[in-house]
Amino acid sequence: MFGRLREDLDSIAERDPAAYSKIEILLCYPGLHAVLWHRLSHRLWLSGLRTCARFASHLGRMLTGVEIHPGAVLGRRLFIDHGAGTVVGETAVVGDDVTLYHGVTLGGVSLERGRRHPTLGNHVVVGAGAQVLGPISIGDNARIGANAVVLADVPAGAVMIGIPARAAGDAAPTHFGAYGACDGSLDPVEAELKELRAEVAALRARLDGRIKKTEKTKKTETKGNSDG
């Protein structure tokens with residue numbers, strides 16, 4: 001247990017420049033407290049004490065503002081930064097070294113029992129307010145930008161932004177990127193509009209050239225007829 005806690009403290013210190021000491025992290029980080037409460041509730045859940053597990057989870061939510069269903073499976077070194085409003089559903093599976101920001105939802109869109117929540121790979125970053133919904137898979141090292149709505153599988157290393165989320169920019173680098181941001185990434189809709197604007201400008205230039213050429217030809221023909 002203490003070995004896992006040391007891992008958590010070290011990983012948070014690496015990913016949060018606002019953390020000045022491990023004592024500060026241990027005492028003042030609700031995301032860490034939420035993970036610790038989940039370890040208790042998840043153990044109760046696996047033991048078949050479902051009501052006790054839900055009650056422990058409820059206490060954790062009251063104290064931290066983070067709601068993690070006791071049935072969810074969380075990997076090692078999960079960092080829930082800020083945490084307020086984060087929701088992780090019952091059948092969600094979260095890999096190792098994942099970072100979730102405040103307002104993130106790993107939610108389900110079906111009323112059927114069984115797998116209905118997302119599966120996140122290792123080293124995934126999900127930005128603030130992002131919604132990852134349904135029994136979909138998010139590949140290793142993927143980044144989900146702030147406020148994105150992800151409804152389909154995401155390949156490893158992809159950067160997803162927008163509503164609904166679309167791939168943007170190049171594959172995400174393997175190093176940590178806060179809030180799921182990627183340097184140089186563009187909104188895919190804006191990128192498509194940019195291409196369309198360039199194409200329209202090129203067509204307009206060609207049309208102007210043809211009009212000028214036609215007018216020049218007409219003037220030449222008119223002058224020739226006058227001379228004749």
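**The chain overall**

Keep in mind that the model is predicted. The chain has 228 residues, and 38% of them count as buried. Its secondary structure comes to five helices and 15 strands. If you look at contacts with a sequence separation of 6 or more, 35% of them come from residues 24 or more positions apart.

**A helix pair**

Two packed helices are described by the angle between their axes and the distance between the axes. Here the pair to look at is helix α3, residues 30-46, and helix α4, residues 50-64. Their axes sit 8 Å apart, and the packing angle is about 175°. Angles over 145 degrees count as roughly antiparallel, so α3 and α4 are roughly antiparallel to each other. Who makes the contact? On the α3 side the residues are P30, H33, A34, W37, L40, S41, L44 and W45. On the α4 side, R50, C52, A53, R54, A56, S57, L59, G60, L63 and T64 take part.

**A nonpolar patch on the surface**

I23, L26 and L27 form a nonpolar patch on the surface, and together they have about 290 Å² of accessible area. L27 belongs to helix α2, which covers residues 22-28. Is L27 buried or exposed? With a relative accessible area of 60%, L27 is exposed, because the cut-off for exposed is over 50%.

Most residues other than glycine have a negative phi, and most peptide bonds are trans. A few spots in this chain go the other way. R77 and N147 both have a positive phi without being glycine. R77 is in the loop between β2 and β3, while N147 is in the loop between β12 and β13. Then there is the cis peptide bond that joins I163 and P164. P164 itself lies in the loop between β14 and β15.

Here are those spots side by side, with the flanking strands:

| Spot | Backbone value | Loop between |
|---|---|---|
| N147 | phi about 65° | β12 (143-144) and β13 (149-150) |
| I163 and P164 | omega about -10° | for P164: β14 (159-161) and β15 (166-167) |

Methods:
Residues numbered from 1 in each chain as written. Predicted model: local features only at pLDDT ≥ 70, side-chain atom pairs only at ≥ 80, totals over all residues. Heavy atoms only, no water. Patch = residues over 30% accessible without salt bridge, like charges linked within 9 Å, V, L, I, M, F, W, Y side chains within 5 Å. Areas by Shrake-Rupley, 256 points an atom, 1.4 Å probe, with all protein chains shown as cover. Salt bridge = Lys/Arg side-chain N within 4 Å of Asp/Glu carboxyl O. Helix = DSSP H or I, 4+ residues; strand = E, 2+ residues; numbered from the N terminus. Buried < 20%, exposed > 50% of the residue type's maximum accessible area, 1.4 Å probe, protein only. Axes fitted to C-alpha atoms, helices over the stretch in contact; angles between N-to-C directions. Parallel < 35°, antiparallel > 145°, perpendicular 65-115°, else oblique. Contact = heavy atoms within 4.5 Å.
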